[in-house]
Structure formats: structure tokens, C-alpha cells
Amino acid sequence: MRLQAATIFVDDQAHAADFYTRVLGFEVTADVPLGEARWLTVAEPGNPGATNISLEPKGHPAAVAYAAALLEDGIPCCQLGVADLAAEHERLTALGVVFTQPPTDFGPVTVAVLDDTCGNLLQLAQVNAQSEPGADGEPDTSGDASPDTQA
Amino acid sequence: MVDDDAELFRALADPTRRLIMDELAQRPDQTLFEICSRLVMNHAVSISRQGVSQHLDVLERAGLVRTERRGRYKLHTLTPAPLERITTRWPPTGSASPPPPSPAGPPPSPPSPQEHP
């Protein structure tokens, strides 16, 4: 079993399709009329195994309350992985994207939070190479770095 | 006797609130999520979001944090101006004429400390 699709509730599907493709760089993987709404998914381009993001309308009142409450406290609804956060921040800022949190280095990970203009915040995360094992206060036995542990 | 700055000193008395001030000093306009992330990642302080929110309320009442609603999110900024009241209330002894301990509020004109040529 694997994660096939995860939902992000959006204010407007047409606007979301534009932002998630033209601005963020995803590609549409499904766009099927479904009554008043669409079954609309996007995913990382060129990666058939990528998890789909289902951009669903806020049809249920709970979805409206959920998204608004997260937004007010600045909580992102999901995390997107990037290889070079500084470059993405520069690229997206030039496209007019608003960041509620600029790239912030937390050691093992550097994160930023942006407004998807569809009623959500998204966290971008870049996993940093661990240059010094044990330097982050990891509860380690600290014996693996010693050269003379062989008996 | 009226202690005018009771809320200011109460706000400063808590170590978690001082850490929150340290992190807010890094940059303005932080969301609650960013403040919580900074406490966890930089200080290994993990208290509930509600707890951090209550600390922010205390800091805001003391005038040390300004909360602003921008669009659909709420942003917090450190406003350290009230801290000046502490240093002006207790200037270095012998430097200038100390303010008289009048319980009837601040003097009308601020005493300018270094006036000698």
C-alpha cells in the first residue's frame, strides 16, 4: 500500500489549477468533471510514481473552518520537498508568491511557508546534509567515531 | 501603592516568554506556527500551541508584542519599547538627579541625564 493522493481543500479549483501548475510547477494528472466540481489532481512532472495532490473544493463547511483555522495560526496544510530552497524562494518571490516564513535554517532541515492563494499555507522543506554526526545533540553512544573500537 | 509596570515584569519573569522574545527578535511578522517551530527546533521547548498562544497574550498585554491581522493570518512582532521604562526608572546612581519616588505618575518632562559640558 502506498499514498496515492492527498487532499488539499481549495477556495476555487480553476484558480488552484493555475497556481499549482504555472507557479508551483506541478502538472495536471487528472481533470474529470464531477457534478459541480472536478476530480482535479496534480503531481510532480515526469515522475509517474509521484503522490498526487487532489485539489478539492471546500464543499463541506468543516473544510472551510479547518482551512481558516490553520491559516490564521500560520500552519501549513502539507509539506513539499525541494532540493534547493533558496532558489525556489527566489523564483517564487519573483512570481509574486507571498511567504509567511522565509527560508529558516533549523539544522537538519531548512523550511519556509508560502501562501497558495487558494486558502492554504504550504511548507517547503529542504533536507540538509548532516555534515557532523552527533553535533545536533543526538543521544548517541559516541563510540562509532572512535578509530580504536575494534577488539 | 500602585505598581504601574506589574504586567511588564510579570511578562518578563517567565523563561519561556523570554525565549519567545529571543525568537521574535530575529525577525518581525511571525505566525504562531513559526514561533512554535522556532521554540522546538532551536530550544527543544515543546509546549502546546495553546500554551504559546497564552504566553503571547501575556506579552501583548505588557506591550512587548504587537499582533497584526494581515489577510487571513495573524502575525506577531516584538515591540521592545516598554523595556526602556526599566532603564529610565533606575538610571545609574550618581550620574544625574534621580527621579523622585512620586507615586502620582511620571514627571511632566523627562529628566535629561547627561547635561554637563
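**Exercise 1. Which residues of chain A form a nonpolar patch on the surface, and what accessible area do they have together?**

Solution. The model is a predicted one.
Step 1. The patch consists of A:Val32, A:Leu34 and A:Trp39, and together these residues have about 280 Å² of accessible area.
Step 2. Classify A:Leu34. Its relative accessible area is 55%, and the cut-off for exposed is over 50%, so A:Leu34 is exposed.

**Exercise 2. Describe the fold of chain A as a whole.**

Solution. 
Step 1. Count the elements: chain A has three helices and eight strands.
Step 2. Turn to burial and surface. Chain A has 151 residues, of which 38% count as buried. The accessible surface of the chain comes to about 8600 Å², with 55% of that belonging to carbon and sulfur atoms.
Step 3. Examine contact range. Of the contacts in chain A between residues at least 6 apart in sequence, 48% join residues at least 24 apart.

**Exercise 3. Is A:Thr110 buried or exposed, and with which side chain does its own side chain make a polar contact?**

Solution. 
Step 1. A:Thr110 lies in strand β7 of chain A.
Step 2. Its relative accessibility is 12%; the limit for buried is under 20%, and A:Thr110 therefore counts as buried.
Step 3. The side chain of A:Thr110 makes a polar contact of 2.9 Å with the side chain of A:Asn128.
Step 4. Apart from neighbours within four places in sequence, the residues in contact with A:Thr110 include A:Leu85, A:Pro103, A:Leu124 and A:Asn128.

**Exercise 4. Characterise the interface between chain A and chain B.**

Solution. 
Step 1. Count residues: 21 of chain A are in contact with 15 of chain B.
Step 2. Take the area. The two chains bury about 1500 Å² between them, 59% of it on carbon and sulfur atoms.
Step 3. Count the polar terms. There are three salt bridges between chain A and chain B, and seven residue pairs are in polar contact. One salt bridge joins the side chains of A:Asp11 and B:Arg72, at 2.8 Å from N to O.
Step 4. Assign the side of chain A that touches chain B to elements. At least two residues each come from α2 (61-72), β6 (99-105), β7 (109-115) and β8 (121-127). The most come from β6(A), with four residues.

**Exercise 5. Which residue's side chain is joined to that of B:Arg85 by a polar contact?**

Solution. 
Step 1. B:Arg85 sits in helix α5 (residues 84-89) of chain B and, at 39% relative accessibility, counts as partly exposed.
Step 2. The partner is B:Asp5, with a polar contact of 2.6 Å between the side chains.
Step 3. Compare sequence and space: B:Arg85 and B:Asp5 are 80 residues apart in sequence and 8.7 Å apart from C-alpha to C-alpha.

Key
Residues are numbered from 1 along each chain as its sequence is written. Chains are lettered from A and ligands numbered from 1 in the order in which they are written. This is a predicted model: local features need pLDDT of at least 70, side-chain atom pairs count only at pLDDT 80 or more; totals for chains, interfaces and linings use all residues. Side-chain values use heavy atoms; hydrogens and water are left out. Patches are made of residues with over 30% relative accessible area and no salt bridge: like charges are joined within 9 Å, nonpolar side chains (Val, Leu, Ile, Met, Phe, Trp, Tyr) within 5 Å. Accessible areas come from the Shrake-Rupley method with a 1.4 Å probe; for residues, only the protein chains shown count as cover. A salt bridge is a side-chain nitrogen of Lys or Arg within 4 Å of a carboxyl oxygen of Asp or Glu. Buried means under 20% relative accessible area, exposed over 50%, partly exposed in between (1.4 Å probe, protein chains only). Contact means heavy atoms within 4.5 Å. Buried area is the accessible area (1.4 Å probe) that two parts lose on being put together, summed over both. A polar contact is a pair of N or O atoms within 3.5 Å; within protein, one must be able to donate a hydrogen and the other to accept it, and residues adjacent in sequence count only if both atoms are side-chain atoms.
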